[in-house]
Amino acid sequence: MNNSAQNCQAFDLVIKNVQLITLDKEHNKVPYGLLEDAAIAVTDGVIQWLGKSADLPDHPCKNVVDGEGQFLSPGLIDCHTHLVFAGSRAAEFEQRLNGMSYKEIAEQGGGILSTVKATREASFHELLKLAEQRAKTLMREGVTCIEIKSGYGLNTETEIKMLEVATALEQSLPIDIRRTFLGAHAVPPEFKGDSDGYIDYLINDTLPKVHELGLADAVDGFCENIGFSREQMARLFAEAKKIGLPVKLHAEQLSDSGGTALVADLDGLSADHLEYLSKKDCKRLSHSVTIPVLLPGAFHTLSETQLPPVDLLREYNVPMAIGSDYNPGSSPLCSLKLMMNMACTLFKLTPEEALLGVTKHAAMALGLDKVGELKVGYQANFCLWDIQHPAELSYTYGVNPLTRLWIRGQTCFL
């Protein structure tokens, strides 16, 4: 284990008497990268040292915390959410249970478009209040970084409003936010029957304004038989790449649309959902930097039966991330811990794969450096868990074992 103190003469925070779930198996080749009877030290929000408690450098420290033998993990990362929205779609939930498909609801003007109407009508402050409540819910389970997509505006004004809410959320809460422009989420009523015209509108009007305001960290789209074609997404992504924005894509959720190959060929951040991912495109992922993001909440809520090809992803050594996909229609489940459990029970991931999926691999899916593992030089985002084994983080749900949360070395009180 690399436990260099990086010439640090004093620590801001030391957490001792803990079991470190480092997830850094390069240096600690045991499950979870587990380091027992350990300590970790932080200065200026960055990990300066970690190792056996007996080897802790004798530096002065402002704040020493006794972990009481509990487990310390990296902060969790929710790499796929639609956190900013207004309105409810509980009635559609009931419709689906009465036999109507997601596609049928969408074709009748429900689905995304009903949320679009409510979100357009909501004020900035109404959306921010709702988003704060949801973000705090995730933080109480150990989430320290959230990706938030737009996509419920489908016009320039509301898409900007949503991204401004996501920006304000990072200022009002001690959490890291990554903002994704998802204008190509659905065809709005103003462009009904003219999806090409809507893509032109995004390219010529919305995307340039979003970029000029510095409101997006990435560009996303819904590439599907009820969304946008691979060719349409290629046009939008070409413009995103021109202005230096990375891309990601909702792909292969309902059919094999070829979206994964598109985003992989563009060195995109992630391809998300992937229930219908082909072996050919799975192999393509293995030769790219693009990370597959599994979304068991949507699979569960929509009562899907087509499982993502987890065994193929393992065979090709492709890292798998996991997101909540929290949204009002297909995954109204604001819990990343629940997603870890579902990834294991529905998709048959191991608990270690599930934890990697919401830490190290989720960071990769967002293009983030120096987060998602416990390593010297990494950001000091920590969860302290009152558990007896790391597998409990996926095994149990409903009783929250989180006892303390730190973001950049600062305790978060929720």
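In the classes used here, Ala, Val, Leu, Ile, Met, Phe, Trp, Tyr, Cys and Pro count as nonpolar, Asp, Glu, Lys and Arg as charged, and the others, Gly among them, as polar. By these classes, the lining of the largest pocket has 10 nonpolar, eight polar and three charged residues. The structure is a predicted model.

**Pockets**

| Pocket | Volume | Lining residues nearest the centre |
|---|---|---|
| Largest | about 500 Å³ | A106, E107, L113, V187 and I226 |

The largest pocket is lined by 21 residues; α2 (102-107) and α3 (112-121) are the elements that give two or more of them, and α2 contributes the most, with three residues.

**Annotated binding site**

An unreviewed UniProt entry lists H80, H82, H250 and D325 under "binding site". These residues are spread over 246 residues of sequence, yet they cluster in space, with a largest C-alpha distance of 12.3 Å.

H80 is located in the loop between β6 (76-78) and α1 (90-97), and H82 lies in the loop between β6 and α1. H80 counts as buried because its relative accessibility is 0%; H82 is also buried, at 2%. Their side chains are joined by a polar contact of 3.3 Å. Beyond four places in sequence, the contacts of H80 include H250, D272 and D325, while those of H82 include H185, H250 and D325.

Key. Residues numbered from 1 in each chain as written. Predicted model: local features only at pLDDT ≥ 70, side-chain atom pairs only at ≥ 80, totals over all residues. Heavy atoms only, no water. UniProt positions renumbered as here; feature names shortened; annotations may be inferred. Helix = DSSP H or I, 4+ residues; strand = E, 2+ residues; numbered from the N terminus. Buried < 20%, exposed > 50% of the residue type's maximum accessible area, 1.4 Å probe, protein only. Contact = heavy atoms within 4.5 Å. Polar contact = N/O pair within 3.5 Å; in protein donor to acceptor, adjacent residues only side chain to side chain. 1 Å grid on protein atoms, 1.4 Å probe; cavity = no way out; pocket = protein on both sides within 12 Å on 5 of 7 lines; lining within 4 Å. Points joined across faces, edges and corners; volume = space filled by probe spheres on them.
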